[in-house]
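This briefing concerns the aromatic side chains of the structure shown below. A pair of aromatic rings is described by the distance of the centres and the angle of the planes.

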Amino acid sequence: MDREFDKLINRDNTTKILGSGVLPYALFIFSLACILNPVTAVSLFFASFATGMAGNLNAKMPSGLYGYQEALITIVMGLVLFGVMEMFSSLLLIIAIQLWDDYVDYNSDRYSIKNWAFILGKNECLLLGIIFFILSVYLDYFKALSGIFSMWIIVYIIKLWFNYIDKPQNSGEEVPGE
C-alpha cells in the first residue's frame with residue numbers, strides 16, 4: 001500500500017517479495033477468510049477500507065467521491081449488513097492495529113504526515129490504541145484476540161521473508177566475512 005513512500009525512505013515492502021502478486025495473494029487470503037467466517041472477514045475488510053481512508057479524507061477517489069464519503073458509505077453499509085456490534089468491533093480492532101503500527105513505525109516514518117503517532121503524539125497514539133483494543137475486546141473478545149494474534153503472526157512471517165531475501169543465496173561461493 002505504501003510502496004512509493006517505502007521506496008522513498010528505502011524501506012522494504014511486501015511488494016519486494018511478492019511483486020505483482022501482492023493483489024492476487026491478498027485476494028486469495030481474503031477468500032479463505034470469507035470461507036472460514038464471511039461476516040467477520042467482510043466486516044474487517046470494510047473497517048480496514050474505511051480506516052485506510054483516514055489519511056485521504058479530502059482526496060477525490062477514482063469513484064468520484066471524496067475519501068470521507070467512501071469511508072462513511074462503507075461504515076454505513078457495514079452497519080446495515082452486519083449490525084452495530086459486528087461493525088464497531090471490527091472498526092475498533094482495525095483502528096487499534098493502525099495506531100499500534102504507527103507507534104511502532106514512529107522512528108522510521110519521520111517524513112510521513114499520515115502517521116498517527118506524529119499527529120496525536122507517540123504516547124497518546126499508544127494509549128489510544130490500547131483503549132480501542134480494550135473496547136474491541138469488550139464488544140467481541142474472540143475477534144479482538146484472534147485479530148491481534150494474527151497480526152503478530154503476519155508481522156513475524158513478513159520479517160522472516162525479509163531476512164530470507166536479504167541473505168545471500170548459497171551459490172557454492174563463499175561469502176566474505178562468514
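Tyr-106 is partly exposed, its relative accessible area being 23%. The model is predicted, and its aromatic pairs number five.

**Tyr-106 and Phe-118**
- The ring centres of Tyr-106 and Phe-118 are 4.5 Å apart, and the planes meet at 25 degrees. Because planes under 30 degrees apart count as stacked, this pair is stacked.
- Tyr-106 lies in the loop between helix 6 and helix 7 (116-120), whereas Phe-118 belongs to helix 7.

**Trp-100 and Phe-133**
- The ring centres of Trp-100 and Phe-133 are separated by 5.3 Å, and the planes stand at 50 degrees, so the pair is tilted.
- Trp-100 is located in helix 6 (residues 84-104) and Phe-133 in helix 8 (residues 122-139). The two residues are 33 residues apart, and their pairing links distant parts of the chain.
- Trp-100 has a relative accessible area of 15% and is buried.
- Phe-133 is likewise buried, at 15% relative accessibility.

**Charge over a ring**
- The charged end of Lys-122 is positioned over the ring of Tyr-103, at 5.2 Å from the ring centre.

Key. Residues are numbered from 1 along each chain as its sequence is written. This is a predicted model: local features need pLDDT of at least 70, side-chain atom pairs count only at pLDDT 80 or more; totals for chains, interfaces and linings use all residues. Side-chain values use heavy atoms; hydrogens and water are left out. Rings of Phe, Tyr and Trp (its six-membered ring) pair if their centres lie within 6.5 Å; planes under 30 degrees apart count as stacked, over 60 as edge-to-face and the rest as tilted. Helices (H or I, at least four residues) and strands (E, at least two) are DSSP runs, numbered from the N terminus. Buried means under 20% relative accessible area, exposed over 50%, partly exposed in between (1.4 Å probe, protein chains only). A charge sits over a ring if NZ of Lys or CZ of Arg is within 6 Å of the ring centre and within 35 degrees of the ring normal.
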